[in-house]
Amino acid sequence: MIVRRGSVLGIIIASSVALAGCTSTEFARIPYTASEAAMAEIPGMSNVRFYGDTSASVFDSFTTSTKGVAVKTGPVNYLALSGGGADGAFGAGLLHGLTETNRRPDFTIVSGVSTGALMAPFVFLGPSYDDTLRDLYTGDLGAGLIKNVNLLNGVFGNALVENDKLGRLVSKYVDQTIMDRVAEEHRKGRRLFVATTNLDSQRSVVWDMGAIATSGSPNALSLFRQVLTASASIPGLFPPRLVSVEAGGREFKEMHVDGGTIQQVFVAPDAVLFGEQKDRPFPQLKNLYVLLNNKVDPVFQVVDNNVLKLGTRSLSTILKREVHNNVQAAYAYARRHNVGFHMASIEADVSEEGSNTFDQAYMKSLYAYGIEQGKGANPWTDAPTMSVRPLASNRKLTAQK
């Protein structure tokens with residue numbers, strides 16, 4: 001998602017209370033069973049996705065070889081892009097800064113969740129798309145995503161933001177050329193993964209975007225865009241994506257929403273991160289990079305004593321703890337297998353003033369801050385920085401025109 005969660009959680013909470021009991025028949029769905037869900041496949045496309053809680057062997061089959069696709073040789077650098085809403089401007093800026101100083105690694109595998117999913121194709125394709133990322137996070141189109149939020153849309157529809165603004169944003173930036181270039185890199189053995197949440201099954205689904213791109217299906221571009229949009233679709237704010245599938249000769253639709261609903265960063269299934277297998281799922285993995293489009297440190301704030309602020313702050317705290325757990329699991333995995341660990345995040349003392357309103361000036365400032373960090377002496381840390389000390393003050397970013 002491009003929208004920072006803290007700015008919209010209160011809206012969703014308020015609307016949920018106000019709309020309790022209200023239903024609409026316009027969005028009725030075809031029911032299906034749990035057994036059908038377990039067998040569901042994308043029509044005309046095979047082996048383009050796996051569950052985020054799958055086995056190590058299944059994950060291995062996606063990260064190494066697939067039929068007719070090369071296996072990448074040499075050291076593997078893996079970049080995991082987190083959720084974080086409007087703070088994705090930080091990640092876009094940091095990568096631009098690394099490009100300017102010729103210190104940007106060549107990433108063999110890139111994964112993205114939520115706002116990280118929107119970034120992922122352009123990061124995967126390399127520095128020539130730095131300007132596209134800048135426009136995505138600092139331009140007028142992104143800034144208009146959450147304007148005109150209307151509670152009545154929730155009464156008669158499935159989202160508070162109407163007219164599918166997010167879907168149109170993705171379609172503008174992701175065209176056939178982008179998908180074809182992803183396909184080309186996939187054939188070289190590189191991998192691009194994007195995580196969504198299957199809300200029906202309450203499971204994370206990881207999509208092999210290169211496999212979609214190379215499928216030859218006439219629906220490939222549509223699904224490619226649909227997955228990116230779903231990963232960034234905050235439930236209740238943006239419409240869910242209904243993905244057409246089939247099982248046992250029967251067609252129905254799965255409901256997919258924001259990948260960050262389950263996890264903020266995807267590196268590998270739990271069976272890999274916490275398993276006891278002797279071999280890594282990709283034996284040539286040399287470095288694991290985690291780019292957090294948010295803060296990992298607790299941020300002190302005196303919370304207003306009302307239901308809206310309490311709910312918003314509580315959910316924000318849950319998400320922050322989720323980031324902590326995701327990062328610690330990735331770090332433990334890297335240490336266990338002698339893999340280099342590198343993490344970048346927004347420093348705790350950076351002011352968030354303007355972030356909750358999805359302010360364009362704030363995002364431009366955060367983008368400039370990311371460039372500064374990317375060009376700095378130490379853009380990455382080699383271990384999670386999990387300070388719990390409350391800050392005396394916040395450092396305001398310099399406004400950028």
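**Helix packing and aromatic pairs**

Biologist: At roughly what angle do the axes of helix α4 (residues 88-100) and α5 cross?
Modeller: This is a predicted model, in which local features need pLDDT of at least 70 and side-chain atom pairs count only at pLDDT 80 or more, whereas totals for chains, interfaces and linings use all residues. Residues are numbered from 1 along each chain as its sequence is written, and side-chain values use heavy atoms, with hydrogens and water left out. Helices (H or I, at least four residues) and strands (E, at least two) are DSSP runs numbered from the N terminus, and axes are lines fitted to C-alpha atoms, for helices over the stretch in contact, with angles from 0 to 180 degrees between N-to-C directions. The axes of α4 and α5 come within 10 Å, and they cross at roughly 20 degrees.

Biologist: Are α4 and α5 roughly parallel or antiparallel?
Modeller: Angles under 35 degrees count as roughly parallel, over 145 as roughly antiparallel, 65 to 115 as roughly perpendicular and the rest as oblique. The crossing angle is roughly 20 degrees, and α4 and α5 are therefore roughly parallel.

Biologist: Which residues of α5 make the contact with α4?
Modeller: Contact here means heavy atoms within 4.5 Å. On the α4 side the contact is made by G88, G91, A92 and L95. Their partners in α5 are T115, M119 and V123.

Biologist: Are α5 and α6 roughly parallel or antiparallel?
Modeller: The axes of α5 (residues 115-125) and α6 (residues 130-138) come within 9 Å and cross at roughly 155 degrees. The two helices α5 and α6 are therefore roughly antiparallel.

Biologist: How many residues in the contact of α5 with α6 are nonpolar?
Modeller: In α5, residues T115, L118, M119, F122 and V123 meet T132, L133, L136 and Y137 of α6. Ala, Val, Leu, Ile, Met, Phe, Trp, Tyr, Cys and Pro count as nonpolar, Asp, Glu, Lys and Arg as charged, and the others, Gly among them, as polar. In this contact of α5 with α6 there are no charged and 2 polar residues, and the number of nonpolar ones is 7.

Biologist: Is L136 buried or exposed?
Modeller: L136 lies in helix α6, and its C-alpha atom is separated by 9.6 Å from that of G88, 48 residues apart along the chain. Buried means under 20% relative accessible area, exposed over 50% and partly exposed in between (1.4 Å probe, protein chains only). With a relative accessible area of 5%, L136 is buried.

Biologist: How far apart are the ring centres of F50 and F62?
Modeller: Rings of Phe, Tyr and Trp (its six-membered ring) pair if their centres lie within 6.5 Å, with planes under 30 degrees apart counted as stacked, over 60 as edge-to-face and the rest as tilted. The F50 and F62 pair is tilted, with 50 degrees between the planes, and both residues are buried. F50 lies in strand β1 (residues 49-51) and F62 in helix α3 (residues 56-63), so the pair ties together parts that are 12 residues apart in sequence. Centre to centre, the distance is 4.7 Å.

Biologist: Which loop holds N47?
Modeller: N47 has a positive phi of about 55 degrees although it is not a glycine. With a relative accessible area of 56%, N47 is exposed. Its place is the loop between α2 (34-39) and β1.
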